[in-house]
Amino acid sequence: MSTAVALSSSLKHNLALGIRFPQNPSFYRRIGPKVSTFRTFTVAMAAINTTPLEICVKASVITPNKPGDCPFCQRVLLTMEEKHLPYEMKLVDLSNKPEWFLQISPEGKVPVVKFDEKWVPDSDVIAQSLEEKYPDPPLVTPQEKALVGSKIFSTFIGFLKSKDPSGGTEQALLDELSSFNDYIKENVRPLSGSLNVLQFVDLLHNRFMVFSLKGPFINGEKISAADLSLAPKLYHLEIALGHYKKWSIPDTLPYTKSYMKTIFSMDSFMKTRASPEDVIAGWRPKVMG
């Protein structure tokens, strides 16, 4: 069993409590069959969970002791990162599933997370459980925005697998990406007209602050669960279509491209993403099959 222990990027970098977390990855990970050790830090903050959550994720087929190309696993890891939760990754070779894993996940699927001595499958259920058990910081997406961009992944798969250039799958994907582009464009439009008193005071306080009605994410200024679900899928889209179709999102969709660039550059995303080589290898059977 391959195991890796991680602390969220936000926790390591933002705590101002006189605790120094080693930056050497070997402190958190240990190569070999033995289970990694985890040092518990006592922190006087009620919002911090000091017991690592156990999570089984797909192992990389390219790089030892790294997570693989499952976007649903990354979604859960991103949620833990954004909630500043420590976690312990159990890396599973899905091409040769070990018996211990099949005992806790009879269907052989990842991710699965251990809550109160019970292993829970399904990224939707896990994300909801994390929100209920660790509500701060909140990542809830309002119901009316929860499905924004939700059809992009299925249309991406249809286009990726299609061998008929005139089958309409590319246009179906472009339609979904265009709708998302329009939504994000509306989400970041600048305030027009004169500033009110509160805006003017805020401007003086923040100097060169640029006002906007909303922010760069689906729910506005702050990232939410909908972003954490969509971002890994857009990452797969970018890499897989670039490799297998020599296709990229057109420049006529600048807000979609800017959204992707913003999220892909986040520390939590870079820490939990699969390597491009893993993504390419993961989609190969579906493309070539």
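Which side chains meet in a salt bridge of 3.1 Å, N to O? They belong to Lys83 and Glu131. A salt bridge here is a side-chain nitrogen of Lys or Arg within 4 Å of a carboxyl oxygen of Asp or Glu. Lys83 lies in the loop between helix H2 (71–82) and strand E3 (87–92) and Glu131 in helix H4 (residues 123–133), so the pair ties together parts that are 48 residues apart in sequence. Helices (H or I, at least four residues) and strands (E, at least two) are DSSP runs, numbered from the N terminus.

This is a predicted model, where local features need pLDDT of at least 70 and side-chain atom pairs count only at pLDDT 80 or more, while totals for chains, interfaces and linings use all residues. Residues are numbered from 1 along each chain as its sequence is written, and side-chain values use heavy atoms, with hydrogens and water left out.

The structure has 11 salt bridges, including these:

| Pair | N to O distance |
|---|---|
| Lys83 and Glu131 | 3.1 Å |
| Lys109 and Glu107 | 3.8 Å |
| Lys257 and Asp251 | 2.5 Å |

Lys83 and Glu131 are both buried, whereas Lys109 and Glu107 are exposed. Buried means under 20% relative accessible area, exposed over 50%, and partly exposed in between (1.4 Å probe, protein chains only).

Now for helix H9: Thr256, Tyr259, Met260, Ile263 and Phe264 are buried there. Seen down the axis of H9, these buried residues fall within an arc of 120° (taken from the directions from the helix axis to the C-beta atoms), so they line one face of the helix. H6, H8 and helix H10 (267–272) are among what covers them, through contacts (heavy atoms within 4.5 Å).
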